[in-house]
Amino acid sequence: MMDAIDELEAEAISILREVAGQYSRSALLFSGGKDSIALARLSEKAFRPGRFPYPLLHIDTGHNFPEAIEYRDRMAADLGEELLVRRVQDSIDAGKAVEETGKGASRNALQSITLLDAVAEFRFEALIGGARRDEEKARAKERVFSLRDEFGQWDPKRQRPELWNLYNGRLRPGEHVRVFPLSNWTELDVWEYLRREGVELPSLYFSHSRKVVRRGAALFPVSPFVHVDPGEEILESTVRFRTVGDMTCTAAVESRAATLDAVVEEIRRSRESERGSRLDDQRSEAAMEERKKQGYF
Amino acid sequence: MRRLRFITAGSVDDGKSTLIGRLLYETGAVLNDQLAALERSRIRNENGSVNLALLTDGLMDERLQGITIDIAWKYFATAARRFVIIDAPGHVQYTRNMVTGASHADLAVILIDARKGVIEQTRRHSAVAALLGIPRIVVAVNKLDLVGFDRGRFDRIAGDYLGIAEKLGLKGVHLLPVSALEGDNVVSRSTRTPWYDGPPLLELLESAPVDEGIEARPARMAVQHVIRPQAKGFHDYRAFGGQVLSGTFRKGDAVTLLPSGATTRVLSVEAAGRELAEGPAPLSVALRLAHEVDASRGDWIVASGAPPILSQDLVADLCWLDEKPLVEGARTLVRHGTAFLRASVRDLSRRWDLDSIEEKPLTNGDRRLAFNELGRVTIRLARPIPFDPYGENRLTGAMVLIDEASGRTVGAAMIRASAPPDDEPSI
């Protein structure tokens, strides 16, 4: 009996095969986060026993969780697929990106610069990403094949209508597309899929003890990249991460969910959205939309 | 259970966003931080209450103008089923968005303002639903609270609507009295409509069938990608990757490759290199075939016993999606299945007048389709393609038209039949 997860899997595999069919130079954005892990698993379903028709690409802010980086390298080796890493630090050193300073400073937005440099370097036509329409209001209007101009910019008024399963990925010189095979998945769908597939995940996603500081409702992981004010109290909390991004903008949630079953159950009951733990979205009412227009993923 | 993807259509002020907001809110899909964001927003209902419509108005321009520009995709679930709401804006000029949304929809919710009854927009939305072959229609007669839950008014609107449905050949129509603002017959049955004995909206959505009987229809797959591992132990391995668009592929099935016509059998149905018992629609699979046949992306693998129609000339209903009008004789690129091929629009003889739902013959000087117009055309392709009439198979019978210079998607076509070949030189 076909269920909704089978249907979502079939759609995502079909989108990945469209990338293979329409482009000769593409890459799968792979950060060691759960959505990119799901995409790697779906790529196996789409192309095994053959190789992936694209390398894995990670834009490393230098502020990533060590657990995620370790997982990324091990996963790429286990898959036997090529991993390309491009570093935001190199963009800063080359004078192309300027670091934010002060409390709340983050390299999150600088990733777009390094990413666009990687697009130019490898002449990528398509970048596959794990963004989902359920994450955020501006994302809810995103296409599966999302056109970017030569400056990597997203123009909501220039996006192509997408009908049936007939994706039009035609490009003009300088343009590229971002392709989102998980567009129609929800956070819970991703977790249920990872559980069904028995995929191993970074330990960050499960309950563990960690030093954090409380800012408003958010618990920030203490790290060399997070500026802690003298007045702030460092707490030892039992937490896990719902999303894994740059350490400077990813907050932990208090949780005792130590297994995939417990995580699925926790998300099913949750009354907070996933991006509620992402400070980058809370900078303004339209934070995501503004960043997307600038070439953010 | 399969997901239900449904489109919501209505004109500007008929409470569509409120209805969606209520469905999301009452099924628990609006989370605390999203509610908090709504409460922080300066945009409010007239009485100062939180505006549920903001849940679907995502872009800055939309929030500032209080309108919806683009399709918004929203997700929610109940214990029974997962749902995808395809929220298409209601303005006249956005037929393009409704056509796009309708191409993905298993069901349409069409809103009517009970104070206004059936209006041009209702006819227009229903015509699009009919042309795009949406299998089920729920007509929500909204704002009943503003007409005192008057049964007579509901019955008159229902009668008017059924006339339209009959004219359009719409099947599976259900008429439903609601107040989205006050929640009547949205999630639970209202006590204020004792004269309505049907289920509320959510129950209709939970029980609507999706792709009924699709696994039993003739098997069709468009080849997306050929899997040929360049690895030890796999030198002779070749599998054709694609999504099963209808029917079921099983080991031993006689299949035909199109357009070449070569025949063979299915050796195995696989996923990730592992054999499956069967490959029913809509699974994505890899088919290994018994003989060395020549096939690549763009070709079709179909059940030999029930082949599609193969034709180079097609009759189609075409919706024009681009600001630059289509003129008869125009050349274009077409995507059908996984193939991109050249085509020309030969005979642009009729235009659909969506407001009156009539076909209007076009005179010689007026053979064009403007942005958001629909018409009947014949299309000449660079080579024959296999298809099923759109009414029988929405995936093998659909095409998009692409402007080759700009790459824009400019048209959407529903193939109705093959056309007699015309005698103009081929392209």
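**Group meeting talk: domains, a sheet and a helix pair**

Okay, let's start with chain B, where the domain assignment gives domain 1 (4-207), domain 2 (214-303) and domain 3 (309-418). Those bounds come from an automatic or database domain assignment. Before I go on: this is a predicted model, where local features need pLDDT of at least 70, side-chain atom pairs count only at pLDDT 80 or more, and totals for chains, interfaces and linings use all residues. Residues are numbered from 1 along each chain as its sequence is written, chains are lettered from A and ligands numbered from 1 in the order in which they are written, and side-chain values use heavy atoms, with hydrogens and water left out.

Over in chain A, we get domain 1 (4-189 + 286-293) and domain 2 (203-282). Here 23 Å separate the two centres, again over C-alpha atoms, and each of these chain A domains puts 26 residues into the contact.

Now, the sheet. Chain B has an open one of 6 strands, in the order 2-3-1-4-5-6, with mixed pairing. Strands here are DSSP runs (E, at least two residues; helices are H or I, at least four), numbered from the N terminus, and two strands pair if DSSP finds at least two bridges between them. The edges are strand 2 (72-77) and strand 6 (173-177) of chain B, each pairing on one side only. Strand 2 of chain B runs antiparallel to strand 3 (residues 82-87) of chain B, over 6 bridges. One pair to look up: B:Trp73 has B:Ile86 in strand 3 as its bridge partner.

Last stop, two helices in chain A. Helix 2 (residues 34-47) and helix 6 (residues 187-197) of chain A pack at about 55°, axes 10 Å apart. The axes are lines fitted to C-alpha atoms, for helices over the stretch in contact, and angles run from 0 to 180 degrees between N-to-C directions. Helix 2 and helix 6 of chain A are therefore oblique: under 35 degrees counts as roughly parallel, over 145 as roughly antiparallel, 65 to 115 as roughly perpendicular, and the rest as oblique. Who makes the contact? Among them are A:Ile37, A:Ala38 and A:Leu42 from helix 2 of chain A, and A:Val190, A:Trp191 and A:Leu194 from helix 6 of chain A.

Key:
Contact means heavy atoms within 4.5 Å.
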